[in-house]
Amino acid sequence: MENTAQKFVTIEGKKVAIEGERNLLELVRKAGFNITTFCYQPELAVFGACRMCLVELEGKGVVTSCTVPPKDGMVIHVNTDEVRKLRRINLELLLASGNHDCTLCEKSGNCKLQRMAKDMGVTSVRFKSKNVKTQRDCTSSALVRDPSKCILCGNCVRVCNEIQSIGAIDFACRGYKAKIATAFDKSMCESKECVSCGQCARVCPTGALTPNSAEVEDVYKAINHPTKKVAVHIAPAVRVGLGEIFGIPAGVSVDGKIAAALRMLGFDYVYDTSFAADLTIVEEASEFIRRFTEKDHLPQLTSCCPAWVSYVEKFVPEFIPNLSSARSPMQMMGPVLKADFVERGGKREDLVVVAVMPCSAKKMEAKLDKFYVDDNPDTDHVVTTVALARMIKDAGIDFANLADEEFDHPFGTKTGGGVIFGASGGVMEAALRYAAAELDPKREGNVIFESLRETKEFREAELKVGDIKVRVAVTSGLKNARKLLEDVKAGKAHYDFIEVMSCQGGCVAGAGQPQYEGWKIRKQRAKGLYADDAKLAYKSQDNKDVMALYGRVLDKIGGPKAHQLLHTHYKSQKEAK
Amino acid sequence: MTEKFAPVDKVLEEFNYDSSKLIPILQHVQDIYSYLPEDVMRYVADKLNISPAKVFGVATFFAHFSIKPKGKHIIKVCNGTACHVKGSSALIDAISKKLNLKAGQDTSADGMFTLECVYCLGACGLAPVMVMDQSVYGQVTPEKATALIDDMVKQEAAHAK
C-alpha cells in the first residue's frame, strides 16, 4: 500500500519521493540528473551564486534549484530550452570575465568550468572578453592563487569560515571589481591567518586556488643530478588516493604500483612514510605515557598535522605546552634518512629527500626554518599526490597495469599502526595500541577502538588498564578543534590525549589528493587504509626496523639523540594586542 | 598598545562589541581617523571576534569607507546621469589636472585635497554639482572649480600664518 504521507516532487515526469533533501538540487540529482554546479557543496551553506543549477519550477518560472526547499506536488523541468539557454549564457559570461587559457592552467583536465564548457558544446563566447591577464601569487610554498581564474563561487570563503573557522580569505570590493582577497589584500605568504590547510583549493572548481606544484621541477633536477642520491617516501593517504586519477576505484590501495612507478621515475630509494609514522607513535605515545604519569600539561595534543600546529601557534598559543614535541612523520623521516646516509659514509647534502604528501600544509612545514641544518633542509621537496600522478603521466608510465613492487627496507617497513595515520582517528588508535601494550604487557589479543573509526565530528574512547583510565578524543576540521579546545578550557571536557587533523576526515581528504565532493570518497579512502592495516602487524612497536633504528642511530626512546632528530618546539605566532 | 586604540574601544563599547553592528562601528571609527587604517581594522576584527578579511571585505564594499588616508578637504563631483550630461567629466579632468592627480590617485601629494567621483547627490536641477567639504556648488564650470580650489589654498595659507 502506498504511504499516503509520503511527499513527492515530479521531475521530468517522474515522481521522486522527498526524503529529507534540503533543496531541489539534491532531489534533481537523486532523480539521475547530475547537474554540474560550482557553488553547491553539500557540507557548506547554500550560496546560490553560480546560477548553474537552474531548473524550471512550474508556476514559478526558472529558479536556482539549490536555494528552493522541496514541497509536495512541485513539478520540475531540468532541460527546457529556456533553462539550457540561461545556463549557457551564465557560463559564457563566466568565460568572458576571466582568464581561462585552459591549456596553460594547472587545473586543465580537472576543472569544472572546462568540463561544463565541453559538455555544453561551447566553442565560442558571444560576449567580449575582459582580457584579464594572469595574476598568479606564488609567494606561498603551499598554495598558488590566481584571481584571474576565479568565478566568485565563494566555496573557498565558506570552507575557510564554516569548516575551518579561520576566515583567511573573504569577498572584497564590489560589482565588477569584486574579488576574493586575504585580509588587506596581502599575498598568500603574508597572510597572518592562513594555516596552509588548502581546503580552499580542495573546493575550488577552477584553477584559482591550487596546491603549489613548482617543486616538481626541483625533483626532476635532483633525480637527474649526476652524483646526488634521491630518496622518496609516500604518506599513508597517497596510496588510497592516487589510483583514482588512473581509473582505479577510490579506496583501493595502490602502494605496490606506486613503489614500481617511483623506481621507473628514477628515485634511488623508495620508502614509506608509514615507517616514520610508526616511529612517531613510539616517540609520541611514550611522551604521552610520561606526561600522563606526571600529569604534565594534559590533554596532550597530537602534532603531526602541520596546519593544525600552525593553527595552535597562530590562534591558541596558550595550548602550545600541550602539543606533543614529537615531529610529524615526514619531519622524522628526513633527518633519520640523512643521519643514516651519513652513518654509512655519505654527506648529508648528497641525499635529497622527497616526500609525496596528500597535503598542501606539508609544503609549508618542510620550509620552516627550524627544520634546516646548516642551510640543508630535513625534507628537500614535497610533492602532492596529484603532482606525482602528473609526473607518472608525463613519463608515460602505464600506472594502472603496473605489477606491484615492494618498498625498500628498512625505511619501507611498516605496521598497521603507521598506515592508519592517514585517516582521522588513526593516529590516536595507533597511539592507544602502543600504550595499551606498554601499560599492560600481559594484555592478550588486540584492543580495537571502533568508536575512533566512525565519521562523527567528535569521537572519544577510553583505555582501561587496571585502575588507570585514559580518556582520549578525536576530531577533524579546525572549527571542531576550536570548539573542543574551548570546552577543554572551560572545564567542560576532560581528556588526556586529543588528536586533531585540520582536514575533515584526516589526510585522506587533504588538499593534495584528487578533488572530490561529499563524504563518500573520504570514507572509501579511509576504508582502504584500514584494509591495508588488517594485513599488517598490529602495533608500531612490532616494527622491527623501527626498533632496530634505536640500537643503530637513535639510542634510547625519548633520549637526547632521539630528541635532537625526532622532536621539535613551537612558538606563538599570535600578535600581542 | 591598547592605549593607542582607546578611542576605538569607546566605539566598540558603545556598540556592546556586537559584530552584527560592524558597519556603524566602522563608520564611527572612520570618523576618528578620517579613514580605516589597517591596524585599526585588525583591532576591530580581533575585538569583535571576526576575521580581519571580513572587516576588509566590508570596508572595501561600501564606497563610504576609505582604506586609504584622505586629504584635509574632500571634493565630491557628481557624475550621475544629469551631471554627466551637463559636463561633469570635464570638471573631473580639470580638478585632476589642477591637483596633479595621476591615474588611480585621488588624493593630492600634499594631502590637502581628495577628489571623489560620486553618483547622484540628489541635486540634479543644479547639474553639474560639486561639493567641497560641507558646501554645495551648482552649475560648476572647470574655471569655477579651479577657482574654488585656489580660494581654499589661500585660506589654508592664511590660516598657517
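**Entry 1: what am I looking at?**
I began by noting that this is a predicted model. I then looked up the secondary structure of chain B and found seven helices and four strands. Reading along the sequence, I wrote the pattern down as α-α-α-α-β-α-α-β-β-β-α.

**Entry 2: extent and burial.**
I looked up the span of the C-alpha trace of chain B along its principal axes, and it comes to about 50 × 40 × 25 Å. Chain B has 161 residues, and 27% of them are buried. I also checked contacts within chain B between residues at least 6 apart in sequence: 59% of these join residues at least 24 apart.

**Entry 3: the sheet.**
In what order do the four strands of chain B lie in the sheet? I traced the order as β2-β1-β3-β4, in an open sheet with mixed pairing. The edges are β2 (113-118) and β4 (135-137) of chain B, each of which pairs on one side only. Ignoring direction, I have neighbouring strands turned by 20° against each other on average.

**Entry 4: one strand pair, up close.**
I picked β1(B), residues 73-78, and followed its pairing with β2(B): the two run in the parallel sense, over six bridges.

Which strands does α6(B) lie across? I found this helix, residues 88-98, across β1, β2 and β3 (130-132) of chain B. Its direction is at about 155° to β1(B). Next I went to α7(B), residues 142-160, which lies across β1, β2, β3 and β4 of chain B. Helix α7(B) runs at about 5° to β3(B).

**Entry 5: the side towards chain A.**
How many residues of chain B are in contact with chain A? I noted 11 from chain B, in contact with 15 residues of chain A. On the chain B side, the elements giving two or more residues are α3 (38-48) and α4 (52-61). Helix α4(B) gives the most, with seven residues. I sorted the chain B residues on this side by type and got five nonpolar, three polar and three charged.

Technical notes:
Residues numbered from 1 in each chain as written. Chains lettered and ligands numbered in written order. Predicted model: local features only at pLDDT ≥ 70, side-chain atom pairs only at ≥ 80, totals over all residues. Pairing = 2+ DSSP bridges. Axes fitted to C-alpha atoms, helices over the stretch in contact; angles between N-to-C directions. Contact = placed C-beta atoms within 7 Å. Nonpolar A, V, L, I, M, F, W, Y, C, P; charged D, E, K, R; others polar. Buried ≥ 20, exposed ≤ 12 C-beta atoms within 10 Å, placed from the backbone.
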